[in-house]
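Try each task before reading its solution.

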Amino acid sequence: MEPDQHEDHVARVQAAWRRERPDLDVSPLAVIGRLHRLAARLTAELALVYQRYGLGEGEFDVLAALRRAGAPYERAPGELAAHTMVTTGAMTKRIDRLERAGLVTRRPTVDDRRGRVVALTGAGRRLIDEAFAAHLRNEHRLLAHLSPEEAGALQGLLTAWQRRLDGAGGAEPGEAHGA
């Protein structure tokens, strides 16, 4: 059977599964498969901006979390890990890279000399301010493929779905991509 030239990849995968496993309902692929493919595409598009500023996605997230903290633009490493949804080990590696680049500093906390605080340097603040503005321009560009009504409807659907998956009134799992 010739594939329909108007079908997208996910529709072709669904058709193949329907042929091979007609006993299974493959309808979730229409949503989940497309979201998965779209997320990969969006991540690649977002990474292009991060790379222009010499950052990976993880470094961008750390700098954004520090900048969102407000003056004096600092957080404990554990807080940063929670705000960027990574392990403390992964956070240590990110902070190490950012510190070597002169974008953050680490110092002992005032209360507990064993604890650490990570802070943006002046160069780090300038970089994240510029990179975040470019990031938002890029996100606007990506969303321009939808009408304002479509974007609003999608936002509402995704918000409702995420709340239901997370559990009504539950804690947010963290923040990512500077949001």
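**Exercise 1.** Which residues make the nonpolar surface patch of about 910 Å²?

*Solution.* First, the ground rules. This is a predicted model, where local features need pLDDT of at least 70, side-chain atom pairs count only at pLDDT 80 or more, and totals for chains, interfaces and linings use all residues. Residues are numbered from 1 along each chain as its sequence is written, and side-chain values use heavy atoms, leaving out hydrogens and water.

Next, collect the members: Val31, Ile32, Leu35, Leu38, Leu42, Leu143, Leu146, Leu154, Leu158, Trp161 and Leu165 make the patch (residues with over 30% relative accessible area and no salt bridge, nonpolar side chains joined within 5 Å; areas by Shrake-Rupley with a 1.4 Å probe; a salt bridge puts a Lys or Arg side-chain nitrogen within 4 Å of an Asp or Glu carboxyl oxygen). Helices H2 (28–52) and H7 (148–166) each give two or more residues (helices are DSSP runs of H or I, at least four residues; strands are E runs of at least two).

**Exercise 2.** Find the strand order of the open sheet.

*Solution.* Read across the three strands: the order is E1-E3-E2, with antiparallel pairing (strands pair if DSSP finds at least two bridges between them). The edges are E1 (74–75) and E2 (104–108), each pairing on one side only. Now zoom in: E2 and E3 pair over five bridges, and Thr105 stands opposite Ala119 in E3.

**Exercise 3.** List the contacts of Val104.

*Solution.* Skipping residues up to four places away in sequence, Val104 touches Leu63, Leu66, Ile95, Leu98, Glu99, Val118, Ala119, Leu120 and Thr121 (contact means heavy atoms within 4.5 Å).

Technical notes:
Patches are made of residues with over 30% relative accessible area and no salt bridge: like charges are joined within 9 Å, nonpolar side chains (Val, Leu, Ile, Met, Phe, Trp, Tyr) within 5 Å.
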